[in-house]
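Thank you all for coming; today I would like to walk slowly through one model, and I ask you to keep the picture in view while I talk.

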Amino acid sequence: MKFEVVILGGGFAGAYCARTLARELGAGARSRVALVAEENVLTFQPMLPEVAGSSLSPLDVVNPLRDFCRGVNVLRGTVRVVDWEKKTVQLDAGRFTPDHQIEFDHLVLALGSIVDFSQVPGMAQHGWPMKTVAHALRLRSAVINRLEEANLTDDREARRRLLTIVVVGGGYTGVETAGQLSDFLRDVQPLYGNLCDEKARVVLIHSRAHLLAEIGEELGDYAQRVLEKRGTEVIVNTRVIEVGPNEAVLSNGTTIATHTVISTIGNTTHPVLVDLLRQLALPMEKGRVPTEPTMRVPGQAKLWAIGDCAAVPLDGGVSPPTAQHALRQGTQLGKNLARAFRGEALLPFTHRNLGQLATVGQHAAVAEIGGWRFSGFLAWWMWRTIYLAKLPGISRKVRVMVDWTLELFFGRDVSLLLPPPEEPLRAVHYRQGEALCTARTPARHFIAVQRGKVSAIRDGAAVKLGAGDLLDDRFQDEAGRWTCTATALEPTDVLLVRGAALDLLRNRPQQTSTPTT
């Protein structure tokens, strides 16, 4: 495959660039322009918290890229590497298709950022991201699963952990997710007969002094007051420094017992962009690709960058990584590429910020539009009106209008769409002193130590395990219960072996070796 223009990334920036370029080029654009995306849909990310809170269907907030970008060749795949000298892109096409190579003349970088939880120990293993529809749908199912388990258990401490949700990050996504989940839990908890005397807890952790720094302290503080009034706990000037399977540790020294930690922070530069700039010997600009005002990469006539991954100059600084800027950059670059093909002068990117909006719960929001600030019901009505207008596609607008209308008269749906996934191998991080297993409790998995040290107390004797050692059926009785209590002697990473993988290990030839005592 060879194209004049290959656009990497199917977010707002990439999709609108492809759509605009197709309209500019007219007939024949499909053979000239390719859009490469990991998912075959354009996701309207500002509405993801409403999917997690069961206010909207996941199909309401996505638009098929092949429908949205008619006239271009849409290729679903994961970008592995860009070879600038050979002008090729290598794609991982999927499970049954070998890696595929695409040749290009012009290349547009619109890959955005990727989730990176590596800075907080345990977050990668236990944290829930909120970046895609799949993330929002899995989070919704996880919260409902917590309610179902809490409704069954008689252990009050276990029930409190199950009913406690921690949201990390006080930006737009964090505030809206906390507000939606708080409303969801309050609305549906009466449906669970054994939870009438329990109070679900949503805790929002933010590292700065004020929420929603993009809007300003006044509206950020108003958002905090509304969240707290509606039952959400807000903790500012505090970070989450470690996450385990049963708790979140805060920088102020406190620990929150929970099984559900949602992180709306922790993004980093896409590794493909890092490698490409290394090939070009170009420096990153605070983790973003530097560009000229026309969105062309300096010194490269046929390389362009837009969206969250691009440092596009604007008003003496750079464009913020917001949807409204990404959308307009994509549209402008589509026109600039068409102008370049016609030999016309390129136009610089200009945009006046129209404002910012964020919901903080049912019928409450904060907004800054054209220098005017609004809050409460009026801001909530404006949020829904403006975002409905921005939502791509008439069919999606109608679906969202119907769902929002039904929400006024009927309760939220607690149907469990996704069962708990079977994870044959699950990476888990344990803090020093935290128990990996307890004697006489059911053993539903084996434990393989990857990093760190573990002490297992069995029949009064301590057995020490390190990297490569296994807590398996040698530490279990005939009834399938643990015969030891194992504790992490230091921060420890393990693999929990379950399901089909566990069956294979249980049927393996018996080993006679024993870990060091």
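**A cavity and a helix**

Helix α11 gives the most to the lining of the largest cavity, with 3 residues; helices here are DSSP runs (H or I, at least four residues) and strands are E runs of at least two, numbered from the N terminus. A cavity is a set of points on a 1 Å grid over the protein atoms alone where a 1.4 Å probe fits but cannot get out, and lining residues have an atom within 4 Å of a point. This is a predicted model, in which local features need pLDDT of at least 70 and side-chain atom pairs count only at pLDDT 80 or more, while totals for chains, interfaces and linings use all residues. Residues are numbered from 1 along each chain as its sequence is written, and side-chain values use heavy atoms, with hydrogens and water left out.

About 60 Å³ of space lies in the largest cavity, a volume being the space filled by probe spheres set on the points, which are joined across faces, edges and corners. Of its 13 lining residues, the closest to the centre are Q180, G361, Q362, W380 and R384.

Now to helix α12, where R396, V400, W404 and E407 are buried, meaning under 20% relative accessible area with a 1.4 Å probe, protein chains only. Seen down the axis of α12, these buried residues fall within an arc of 65°, so they line one face of the helix; the arc is that of the directions from the helix axis to the C-beta atoms. What covers them includes α2 (48-52), β4 (62-64) and α11 (377-390).

Finally, M47 is in contact (heavy atoms within 4.5 Å) with residues including W383, V400 and W404, leaving aside neighbours within four places in sequence.

How values were computed: Buried < 20%, exposed > 50% of the residue type's maximum accessible area, 1.4 Å probe, protein only. 1 Å grid on protein atoms, 1.4 Å probe; cavity = no way out; pocket = protein on both sides within 12 Å on 5 of 7 lines; lining within 4 Å.
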